[in-house]
Amino acid sequence: MCGIFGIVTNQNIKIGKIALESIKRLEYRGYDSCGIVSQHNNSLFVKKDAGKIDEINEYLKLDEFPNGSKLALAHTRWATHGPPTKINSHPHLDCTDKIAVIHNGILENFLELKEELLSKGHIFKSETDTEIIPHLIEEYLKQNKNLKEAIVSAIKRCEGAYGLAICHADYPNTIIACRKESPLIIGIDKGKTSYCASDIPAFLPYTKYCYILEDDELAILNAGSVEFFDIDNSDLPKQKKVQEINWNIDAAEKGGYQHFMLKEIYEEPSALRRTMKISPDSIKDFAIPLLTADHIYITAAGTSFHASLAGKFIITKFLGKYIEAIECSEFKTQLNNSLEENSIIIALSQSGETIDLIEPIRWAKKYKPSIKILSITNIVGSSITRYSDKVLVTQAGPEIGVAATKTFVTQILTLALVALEIAKLKNKDSQEEIQKYYEALQSVPDIIENFLEKNADLIKYIVSDLEKNLNFFFLARGASIATAKEGGLKLKEVACRFIEGYSAAHAKHGPISLVRDGYPIIFIAPPDETYERLLGNVMEFKARGGKIISLVIESDEKITNLSDITIRIPQPRDKYHNLFSSITFIPALQLLAYFAALEHNLDPDKPLNLAKTVTVH
Ligand code: F6R
């Protein structure tokens with residue numbers, strides 16, 4: 001989704017260069033156009049166009065600002081209202097060319113506001129919803145309001161979601177930022193420079209101190225200082241606590257890897273080791289309400305939904321209760337008449353900002369206030385945490401690649417830790433047995449590390465072989481169906497291949513008709529309780545000429561003997577490790593998608609049309 005960056009300083013620094021580098025660090029969010037406005041001598045200077053930042057920079061020189069300019073706003077746009085064109089790119093200005101606005105979000109009532117403004121003689125240049133904001137502010141400034149008052153009046157008229165950064169040609173040292181449902185963080189280098197951005201990496205090289213702007217708050221940024229207000233009480237400044245960011249920019253840079261996606265796959269062992277250390281007390285707090293809930297739902301989008309499918313298997317094993325997994329965008333439709341008191345919703349989101357998830361959670365809380373929301377996110381202070389009764393934060397570190405990889409495995413691990421806590425609390429399995437599951441879980445990072453060390457070339461070879469075929473699919477049973485689905489999603493996202501992950505048993509009811517001589521099928525085959533039946537499915541596909549590629553553990557024999565190629569996961573053969581196969585088997589499929597993207601000359605970090613944080617419906 002759109003990326004916002006703003007800087008105001010009293011230092012002699014190259015703000016053009018900083019603004020450009022900062023929006024490049026927001027590229028991962030997904031975008032199709034970009035723009036920059038600088039302010040100098042009571043004028044605004046705008047450069048913008050559709051396309052990639054580097055390409056636009058070649059001819060527009062985005063980083064070259066008038067000498068002495070101390071304030072800039074920069075934006076990456078992910079088109080919603082109006083196609084990606086120069087005119088629709090942000091910033092948008094009012095009729096006087098004095099007010100510039102950059103926006104992330106969607107204004108729902110923009111058509112009626114636009115009509116009102118048109119009738120007052122305003123001239124619009126773009127098809128965007130955003131452009132109504134500078135015109136509305138212009139209108140309120142005409143009523144003798146100052147800039148803050150005019151902005152407050154304007155945004156009170158706006159329905160929908162927004163993260164906004166606004167500047168005015170005649171207010172040389174001021175950026176005004178405000179938000180509702182779209183993230184906005186304020187960075188402060190005290191006494192020198194202030195920043196605002198949709199995400200921390202944008203300003204992380206320059207300061208580690210930040211404030212997280214909440215819904216319906218407004219911030220006035222001056223060079224090196226900031227004041228906060230509630231939109232509904234905008235006369236009185238309010239206090240907010242400064243936070244120190246405890247990761248540095250290296251974590252958000254490629255560190256010698258060709259792509260973030262590859263780096264983040266290789267970071268999975270360390271991300272898992274950190275997540276393993278989530279405080280036992282908070283895991284316990286999260287687990288206890290699940291013991292007495294009458295209904296439990298787990299909900300999320302995309303990769304996080306697949307982590308939910310895998311995690312619910314692990315929790316159900318010890319909890320002994322049915323957990324219903326529902327894609328978040330369908331949650332309200334499905335439960336509109338049946339959500340009951342004493343229910344719990346477990347919500348998973350890497351970003352904590354996915355609007356398709358935030359909406360049903362807000363709805364559920366309003367509809368049945370007694371319902372508890374337990375959420376798992378990778379981002380401290382993200383929107384989802386505000387609607388949650390309990391929060392666990394995965395310790396994956398910043399994930400910049402658009403395709404979720406390390407956050408997927410840390411989400412499942414976090415659910416597995418909750419599952420083992422439930423086992424302890426229920427006291428049904430012996431402590432010795434539970435300890436064995438813990439030990440297996442603790443060995444997961446080593447298994448992945450070992451696998452990644454030895455298998456990249458094999459996966460590259462399989463990719464080059466698979467590329468001879470137009471189609472193939474991933475098949476699995478039980479918990480591994482989540483792995484298969486996630487493998488399919490990764491290939492769609494980064495390699496633009498419509499490859500499906502499917503139930504091996506169900507494949508007999510349709511997809512098997514695709515199989516011809518040499519048609520590849522990748523079976524996900526940990527030796528769990530579904531193994532013998534999966535073996536039967538492998539035979540069915542082999543009998544029809546299918547080329548069998550299987551993901552098995554190192555000591556596997558039966559499915560290996562039926563396979564043309566095996567990918568071998570260095571995992572012991574026992575039920576303890578099997579329970580966590582959705583974590584140990586997925587890196588192979590993530591690597592497969594990564595190399596498939598390279599084979600197609602695609603940049604796996606910047607899939608077409610995709611955004612890392614999806615804040616529109
Ligand atoms: C897949 C991917 C998306 C996200 C989905 C949910 O690689 O990145 O499918 O998983 O948009 O995002 P979060 O987890 O941030 O709610």
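Contact here means heavy atoms within 4.5 Å. The model is predicted.

Q: What share of the contacts between residues at least 6 apart in sequence join residues at least 24 apart?
A: The share is 72%. Each such pair has heavy atoms within 4.5 Å.

Q: What makes a residue count as buried, and what percentage of the chain does so?
A: Buried means under 20% relative accessible area. Of the 617 residues, 61% are buried. The chain exposes about 23,900 Å², with 49% of it supplied by carbon and sulfur atoms.

Q: How do you know that the span of helix H11 is close to the expected one?
A: H11 covers residues 355-367, which is 13 residues. The expected span is 1.5 Å times one less than the number of residues. That comes to 18 Å, and the helix reaches 18 Å from its first C-alpha to its last.

Q: Which residues of H11 are buried, and what do they pack against?
A: Ile355, Leu357, Ile358, Pro360, Ile361, Trp363 and Ala364 are buried. They pack against strands E16 (295-300), E18 (343-349) and E19 (372-377), and against helices H10 (328-335) and H12 (383-386).

Q: How many positive and negative side chains does the chain have, and how far apart are the centres of the two sets?
A: There are 71 positive and 80 negative side chains. Their centres lie 1 Å apart.

Technical notes. Residues are numbered from 1 along each chain as its sequence is written. This is a predicted model: local features need pLDDT of at least 70, side-chain atom pairs count only at pLDDT 80 or more; totals for chains, interfaces and linings use all residues. Side-chain values use heavy atoms; hydrogens and water are left out. Buried means under 20% relative accessible area, exposed over 50%, partly exposed in between (1.4 Å probe, protein chains only). Accessible areas come from the Shrake-Rupley method with a 1.4 Å probe; for residues, only the protein chains shown count as cover. Lys and Arg count as positive and Asp and Glu as negative; His and the chain ends are not counted. The place of a charge is taken as NZ of Lys, CZ of Arg, CG of Asp or CD of Glu. Helices (H or I, at least four residues) and strands (E, at least two) are DSSP runs, numbered from the N terminus.
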